[in-house]
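Please keep the sequence and the model in view while reading.

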Amino acid sequence: MNNIKLTLEYDGTNYYGWQKQKGFKTIQGEIEEAIELVTKEHCEVIGSSRTDAGVHARGFVANFKTNSKVPPNKFREALNVKLPNDIVITKSEQVDEEFHARYYAKGKTYEYYILNSDVPSALMRNQMYHYKYDLDVEAMKIAAKQFIGTHDFAAFKTQGSSVKGTIRTIFDVKVEKEKNIIKISVSGDGFLYNMVRIIVGTLINVARGKTDATSILEIINKKDRSLAGDCVPPYGLFLKEVYY
């Protein structure tokens with residue numbers, strides 16, 4: 001049996017996230033349907049992350065096992081013919097039978113895009129969060145550094161999440177601005193439910209003067225969700241890369 005690793009990108013606008021759910025259109029569901037059309041087998045596709053509804057990806061990784069005789073590197077073309085044009089396989093390859101897209105991942109990088117302008121964009125409305133008020137990017141950079149390290153991020157997950165452990169390690173947080181677009185990159189060994197979006201919401205509070213730039217560690221240590229920022233909309237978020 002062959003274990004096939006897929007690298008893909010997708011626009012999550014029209015999907016109810018990655019994970020297959022009955023009655024909803026999902027990325028996993030679309031890929032499994034395409035694989036069945038190609039292989040005549042029902043194959044479970046394992047994803048590296050469970051991205052939410054509306055979230056996008058540039059370097060998502062998945063794997064599936066198959067008895068198909070299709071050469072591993074040919075699955076890219078074979079699946080792209082069957083998939084909708086907002087999901088694209090960029091690479092397909094054979095990997096060790098033990099490889100698991102989620103369990104083998106050592107880290108991930110997410111990017112969040114904010115359009116900081118008076119008016120929204122008609123063309124990029126599904127890829128950027130429009131925020132018209134002035135944002136102090138230098139204050140965001142000061143605050144961003146305090147997220148780095150191993151912490152209990154209980155204050156930065158959506159309440160009601162079933163996950164038990166809330167300790168995660170953040171490798172880096174970068175805030176960059178080019179013209180009126182602010183990009184926030186967050187890299188870590190793993191993330192809680194909505195964690196990146198709440199980090200971005202907290203940085204916006206800092207940029208608006210609602211939260212002190214030096215108070216991030218205090219918010220983390222108090223583990224109080226009400227002290228962190230809002231969970232910003234999903235459509236500005238991209239899974240950039242998964243590390244193995």
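The count of salt bridges comes to twelve, a salt bridge being a side-chain nitrogen of Lys or Arg within 4 Å of a carboxyl oxygen of Asp or Glu. The model is predicted: local features need pLDDT of at least 70, side-chain atom pairs count only at pLDDT 80 or more, and totals for chains, interfaces and linings use all residues. Residues are numbered from 1 along each chain as its sequence is written, and side-chain values use heavy atoms, with hydrogens and water left out.

| Pair | N to O distance |
|---|---|
| Glu32 and Lys20 | 2.6 Å |
| Arg197 and Asp52 | 3.2 Å |
| Glu176 and Lys183 | 3.7 Å |

The side chains of Glu32 and Lys20 meet in a salt bridge. Glu32 lies in helix α1 (residues 27-39) and Lys20 in the loop between β1 (2-10) and α1, so this pair ties together parts that are twelve residues apart in sequence. Helices (H or I, at least four residues) and strands (E, at least two) are DSSP runs, numbered from the N terminus. Glu32 is buried at 4% relative accessible area, while Lys20 is partly exposed at 41%. Buried means under 20% relative accessible area, exposed over 50%, and partly exposed in between (1.4 Å probe, protein chains only).

Arg197 forms a salt bridge with Asp52. Arg197 belongs to helix α4 (residues 195-207) and Asp52 to the loop between β2 and β3, so the pair ties together parts that are 145 residues apart in sequence. Both Arg197 and Asp52 are buried.

Glu176, at 40% relative accessibility, is partly exposed, and Lys183 is partly exposed at 23%.

Next come single residues. Ser92 sits in strand β4 (residues 87-95) and is buried, with 7% relative accessibility. A polar atom of the Ser92 side chain lies 2.6 Å from the backbone oxygen of Pro72, and one lies 3.0 Å from the backbone nitrogen of Arg76.

Ser48 is in the loop between β2 (46-47) and β3 (56-66). Its relative accessible area is 0%, so Ser48 counts as buried. Setting aside neighbours within four places in sequence, Ser48 has contacts (heavy atoms within 4.5 Å) with residues including Phe60, Ala101 and Tyr244.

Asn126 is placed in the loop between β5 (107-115) and β6 (129-130) and is partly exposed at 27% relative accessibility.

Methods
A polar contact is a pair of N or O atoms within 3.5 Å; within protein, one must be able to donate a hydrogen and the other to accept it, and residues adjacent in sequence count only if both atoms are side-chain atoms.
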